[in-house]
Amino acid sequence: MESEGAGSLHPVTLITLFKESLLVNAHRPALALKRKDKNGVLPTEWKFWTQGEYWELCLSFGKSMLALGLQTHAIVNILGFNAPEWLIGTCSLLRVEVYVFTRPYHMVDVTRCGDCFVLAC
């Protein structure tokens, strides 16, 4: 470690930063989304999640994966476009492989070729 500057700082994980942020920002917005409904209509209102709600979603997803039998260093594939689910899966203390393919044949190829424990679409 360096005696001064960036090299003198102790490393901090993303999860540690997240927990520290919750102490003062749990009520503040963390994610916002407009997602088309089943008829392809984009809503006028945004859906918001606070940092506290986001943290709870992350814990819930992680606990669900453990309940399914997910082991340390197992792989979870999350398929789809940029979405809150990616962030929730990543922050759930999982090793997550993210693929941006959205065509069904791409998804089939990814799941056949990978050593995937869980596939989330």
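Predicted model: local features only at pLDDT ≥ 70, side-chain atom pairs only at ≥ 80, totals over all residues.
Visitor: How confident is the predictor about the protein chain?

Guide: The mean pLDDT is 81, with 81% of the residues at 70 or more. Among the elements, strand 2 has the highest mean, 94, while strand 4 (residues 96-99) has the lowest, 58.

Visitor: How many helices and strands are there?

Guide: The protein chain has four helices and five strands. Reading from the N terminus, they run α-β-β-α-β-α-β-α-β.

Visitor: Let's go inside. Which residues make up the largest nonpolar core?

Guide: There are eleven of them: Ile15, Phe18, Leu22, Leu31, Leu33, Trp49, Tyr54, Trp55, Cys58, Ile88 and Cys91.

Visitor: Which elements give two or more residues to this core?

Guide: Helix 1, strand 1 and helix 2 do. There's also a second, separate core of seven residues, with Leu70, Val76, Trp86 and Val118 among them. As a general point, nonpolar side chains tend to be buried together in soluble globular proteins.

Visitor: Now the rings. How many aromatic pairs does a search of the whole structure find?

Guide: Two. In one of them, phenylalanine 18 pairs with tyrosine 54, the centres 5.1 Å apart and the planes at 40°, which makes the pair tilted.

Visitor: Where in the chain do those two sit?

Guide: Phenylalanine 18 is in helix 1 (residues 14-25) and tyrosine 54 is in helix 2 (residues 51-67), so the pair links parts of the chain that are 36 residues apart.

Visitor: Why does phenylalanine 18 count as buried?

Guide: Because its relative accessibility is 9%, and buried means under 20%. Tyrosine 54 counts as buried too, because its relative accessibility is 9%.

Visitor: What about phenylalanine 18 and tryptophan 55? What kind of aromatic pair do they form?

Guide: That one is edge-to-face, with 4.9 Å centre to centre and 75° between the planes. Here helix 1 holds phenylalanine 18 and helix 2 holds tryptophan 55, 37 residues apart. Put together, ring pairs link Phe18, Tyr54 and Trp55 into a cluster.

Visitor: Changing topic: how many salt bridges does a search of the whole structure find?

Guide: One. Glutamate 85 forms a salt bridge with arginine 35, and their closest N and O atoms are 3.1 Å apart.

Visitor: Which parts of the chain does that pair link?

Guide: Glutamate 85 sits in helix 3 (residues 84-90), and arginine 35 is in the loop between strand 1 (29-33) and strand 2 (47-50). The two are 50 residues apart.

Visitor: Why is glutamate 85 called partly exposed?

Guide: Because its relative accessible area is 39%, and partly exposed falls between under 20% for buried and over 50% for exposed. Arginine 35 is partly exposed as well, with 44%.

Visitor: Last one: among contacts between residues at least 6 apart in sequence, how many join residues at least 24 apart?

Guide: That comes to 46% of those contacts in the protein chain.

Terms used:
Residues numbered from 1 in each chain as written. Heavy atoms only, no water. Salt bridge = Lys/Arg side-chain N within 4 Å of Asp/Glu carboxyl O. Buried < 20%, exposed > 50% of the residue type's maximum accessible area, 1.4 Å probe, protein only. pLDDT = per-residue confidence, 0-100. Phe/Tyr/Trp six-rings, centres within 6.5 Å; stacked < 30°, edge-to-face > 60°. Core = buried A, V, L, I, M, F, W, Y, C linked by side-chain atoms within 4.5 Å. Contact = heavy atoms within 4.5 Å.
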